[in-house]
Amino acid sequence: MQQWNSRQRQTPGTILVVGTVGFDDIETPFGSVRGVLGGSASYFAAAASLYAPVRLVAVVGSDMPSDTLDFLRERGVDLRGLQVAEGKTFRWGGRYGYDLNSRDTLFTELGVYEGFRPVTHPEYAESEFVFLANIHPALQQEVLGQVRRPRLTMMDSMNLWIETARDALTDTMRRVDMVCLNDSEAREFAGTSSLLTAARRILALGPKVVLIKKGECGAVMVTDDEYFVAPAYPLEEARDPTGAGDSFAGGFLGYLAQHDGDITPDVLKRAVIHGSAVASFTVEEFSLDRLRRLTRAEVERRYWEFTRLTYFDDVVRD
Ligand code: AMP
């Protein structure tokens, strides 16, 4: 890892993301959709591109209509790293109850991800920021090895890899600057019920920052010196939490890429609030429907509403 605040620059750093692009079937008590756009890289790219240039590495099958990702192209996302392979696009199905914090995976069909070798475009080797979205940890490491001198690297994962590829996952954690997990994954990985202990065990592997997402309870950021808590935005109607974690990561890393050259502890905290703000929009509608129309101005307004959620003054006592 390089010194984050070692150089001043005005233009945002470029973010490379590797993850899934696929079709989701989603059931919640508020509706269900089938075959809609999903995937960890799709959500991340849609969110992060509000802040900084994004390069996407993923694979889709020949069954994906060629205009599906046009909205990402229109936002300037570089899709030269998107492979189109003969076969079926990744598909995932999930079901949520009234508690949108937990879900059951109904099926995962890897399709063209079976045998996927991420080969990034030669220009991508110079990317400054790297997000290893949820994908097999061995593939995450392959991509990491193809970026020459990243200034900041971050990873996400899920219980599937904790249970089936723990060693590879631990290796990826040792190689990145930041780890982002949800609360149940952090507890499961670290074998503890305490989120603070879980974060400290992950920090001991090498990362400098651990982000733990807690659904409608917000998120925490833990470093060696800080424990920062962000609330979730109180929504009257949350319809579909799919992709909230990836959108959180996109808002967070996008904000950091925009402040490339000046990543201080305060900038990290603001980035957590940006991540929470973007994620709160994602859950308002199914799939990427809300993210597609989301503007940076809307995120800024919500960011300021967050400051009111947590501001309190000390009481003067006599
Ligand atoms: P999130 O809700 O942030 O965990 O992200 C949900 C997205 O992750 C969905 O759109 C799925 O298509 C995708 N997904 C589900 N399972 C996997 C998996 N095993 N590997 C990679 N992506 C997945």
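Here are a few friendly notes on the aromatic rings in this predicted model.

1. Let's begin with the overall picture. Searching the whole structure turns up 7 aromatic pairs. The points below walk through some of the rings and their neighbours.

2. Take a look at Phe44 and Phe131. Their ring centres are 4.3 Å apart and their planes meet at 15°, so this pair is stacked; the cut-off for stacking is planes under 30 degrees apart. Phe44 belongs to helix H1 (residues 40-48) and Phe131 to strand E8 (residues 129-132), so the pair ties together parts that are 87 residues apart in sequence. Are these two residues buried or exposed? Phe44 and Phe131 are both buried.

3. Now turn to Tyr233 and Phe306. Here the ring centres lie 5.8 Å apart with the planes at 40°, so the pair is tilted. Tyr233 is found in the loop between strand E13 (227-230) and helix H8 (244-258), while Phe306 is in helix H11 (residues 296-310), so this contact ties together parts that are 73 residues apart in sequence. Tyr233 and Phe306 are both buried.

4. Rings can also gather in a group. Which residues form one aromatic cluster? They are Phe90, Tyr113 and Phe116, so try picking out these three in the 3D view.

5. Finally, have a look at two arginines. Arg166 lies over the face of Phe189, 4.4 Å from the ring centre. Arg292 is placed over the face of Phe71, at 4.4 Å from the centre of that ring.

Note on methods:
Residues are numbered from 1 along each chain as its sequence is written. This is a predicted model: local features need pLDDT of at least 70, side-chain atom pairs count only at pLDDT 80 or more; totals for chains, interfaces and linings use all residues. Side-chain values use heavy atoms; hydrogens and water are left out. Rings of Phe, Tyr and Trp (its six-membered ring) pair if their centres lie within 6.5 Å; planes under 30 degrees apart count as stacked, over 60 as edge-to-face and the rest as tilted. Helices (H or I, at least four residues) and strands (E, at least two) are DSSP runs, numbered from the N terminus. Buried means under 20% relative accessible area, exposed over 50%, partly exposed in between (1.4 Å probe, protein chains only). A charge sits over a ring if NZ of Lys or CZ of Arg is within 6 Å of the ring centre and within 35 degrees of the ring normal.
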